[in-house]
Amino acid sequence: MKQFQIVGIGNALVDVLAHCDDAFLAENGIAKGIMQLIDMGRAVDLYGRIGPAQEISGGSAANTIAGIAQLGGRTAYVGKVCDDQLGAIFAHDLRAQGAVYETPMAPKGGAQETGRCIILVSPDGERSMNTCLGWSEFLTPDDIDEAQMASTEWIYLEGYRFDGPQSHAAFAKAIAACRGAGGRVSLTLSDPFCVERHRDAFRRMIREDVDLLFANRAEILSMYRTEDFGAALKAAAAEVAIVACTESEKGAHILADGQHWHVPALPTQIVDATGAGDLFAGAFLWGLTHGHGYETAGRMGCIAASEVISHLGARPEADLRALFRAQGVL
């Protein structure tokens with residue numbers, strides 16, 4: 001048995017969540033429902049324009065790892081923060097969930113700070129993310145502990161992390177160490193605009209190194225440059241062993257071993273859609289590493305996604321295992 005079941009690598013961010021209407025998004029040039037990269041100046045200006053806000057540790061892969069840790073999985077996270085107030089919040093919150101987090105903090109006092117994502121939640125629950133990467137952008141191969149990567153059953157790579165000068169090299173080091181020790185690789189596409197920026201790099205990694213691909217409908221359509229959802233799913237399944245693709249209120253599609261399962265969503269009142277895909281991935285991976293089949297793991301993913309969109313913030317608040325038992329999947 002390896003020390004870890006899943007180790008995640010991604011952008012270490014603190015989420016700043018606030019409610020707004022569509023008029024505010026338009027007035028401030030914010031595209032609804034996607035992630036936009038911004039600099040620190042824009043982050044400070046936007047923070048001054050929003051209403052009351054709540055600060056919650058976030059980051060896509062970190063949310064996934066937090067969900068796995070809450071379920072009791074053996075997990076760790078790699079992502080860079082600064083030795084500042086937000087960095088301390090991020091590290092404390094992740095460790096408090098039970099995850100191992102040992103990435104050295106960058107020294108404070110420079111031009112960069114801990115990254116933050118200003119998430120504007122519309123009345124319909126849709127989230128529009130404005131991400132200032134800060135120090136998380138500068139993850140390098142030196143931050144990858146090869147022994148840790150060799151000590152996990154799976155690594156989970158965040159597509160957002162493709163935005164960074166040395167990210168691809170860091171991912172390559174992690175993949176080589178993990179696969180060299182018999183581990184497997186999962187990747188989440190993260191965002192359709194991220195796919196547009198890095199499609200060729202994504203495709204190479206998917207074909208050569210990825211065992212499990214996570215995506216949503218918009219991301220997989222963007223990756224395979226088609227408007228035919230079924231065709232996109234088949235194209236992905238031809239390149240990777242396991243595909244887990246969410247489709248909002250329509251649930252999720254799991255393709256593996258020549259089979260295709262459709263898992264229905266669990267109906268809930270949407271308060272904040274932030275983290276739905278992150279928690280789907282976390283519960284799915286937890287299910288796989290605990291001996292459950294693909295369809296059951298997909299059901300677990302949909303239950304976890306339903307929980308996280310029922311409240312503000314991208315980390316689970318309810319006992320996910322209790323929810324699994326209540327739904328008859330555990």
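**Entry 1. Terms and model**

I count two strands as paired if DSSP finds at least two bridges between them. With that settled, I looked up strand S11 (residues 212–216) and S12: five bridges join them, and they run parallel. I note at the outset that this is a predicted model.

**Entry 2. The chain as a whole**

I began with the secondary structure. The chain has 12 helices and 14 strands. I then checked the overall dimensions. The C-alpha trace spans about 50 × 40 × 40 Å along its principal axes. For 330 residues, a compact globule would have a radius of gyration near 20 Å, and the 18 Å of the chain agrees with that.

Next I looked at burial. Of the 330 residues, 58% are buried. I put the accessible surface of the chain at about 12,900 Å². Carbon and sulfur atoms hold 49% of that surface.

I also looked up the contacts. Among those with a separation of 6 or more, 74% are between residues 24 or more positions apart.

I find 27 positive and 41 negative side chains. The centres of the two sets lie 4 Å apart.

**Entry 3. The nine-stranded sheet**

In what order do the strands of the open sheet run? I read S6-S5-S1-S9-S10-S11-S12-S13-S14, nine strands with mixed pairing. The edges are strand S6 (100–101) and strand S14 (259–263), each of which pairs on one side only. Strands of a sheet pair through backbone hydrogen bonds, either parallel or antiparallel.

I went through some of the pairs. Strand S9 (residues 152–158) and strand S10 (residues 184–188) run parallel and are joined by five bridges. Ile-155 has Val-185 in S10 as its bridge partner.

**Entry 4. Strand S12**

I checked which way the side chains point. Ile-242, Ala-244 and Thr-246 go one way, Val-243 and Cys-245 the other, and all are buried.

Then I looked at the neighbours. On the S11 side the pairing is parallel, and Ala-215 stands opposite Cys-245. With S13, S12 runs antiparallel, again through five bridges. The bridge partner of Val-243 there is Leu-255.

**Entry 5. Two hairpins**

I followed the chain from S12 into S13. These strands form a hairpin with five residues between them. Ser-248 sits in the loop between strand S12 (242–246) and strand S13 (252–256). Its phi is near 50°, a positive value in a residue other than glycine. Is Ser-248 buried or exposed? It counts as exposed, because its relative accessibility is 61% and the cut-off for exposed is over 50%.

Ile-254 has Trp-261 in S14 as its bridge partner. S14 is also one of the edge strands.

Asp-257 lies in the loop between S13 and S14. This residue has a positive phi of about 55° although it is not a glycine. Asp-257 is exposed, with a relative accessible area of 63%.

I turned to Arg-203, which lies in helix H7 (residues 192–208). Its relative accessible area is 18%, so Arg-203 is buried, the limit being under 20%. Which residues does Arg-203 touch, not counting those up to four places away in sequence? I list Met-223, Tyr-224 and Glu-239.

Asn-28 counts as buried, at 12% relative accessibility. Leaving aside neighbours within four places in sequence, I find Asn-28 in contact with Arg-42 and Arg-49.

Key
Residues are numbered from 1 along each chain as its sequence is written. This is a predicted model: local features need pLDDT of at least 70, side-chain atom pairs count only at pLDDT 80 or more; totals for chains, interfaces and linings use all residues. Side-chain values use heavy atoms; hydrogens and water are left out. Helices (H or I, at least four residues) and strands (E, at least two) are DSSP runs, numbered from the N terminus. The radius of gyration is taken over C-alpha atoms; the globule rule is 2.2 Å times the number of residues to the power 0.38. Buried means under 20% relative accessible area, exposed over 50%, partly exposed in between (1.4 Å probe, protein chains only). Contact means heavy atoms within 4.5 Å. Accessible areas come from the Shrake-Rupley method with a 1.4 Å probe; for residues, only the protein chains shown count as cover. Lys and Arg count as positive and Asp and Glu as negative; His and the chain ends are not counted. The place of a charge is taken as NZ of Lys, CZ of Arg, CG of Asp or CD of Glu.
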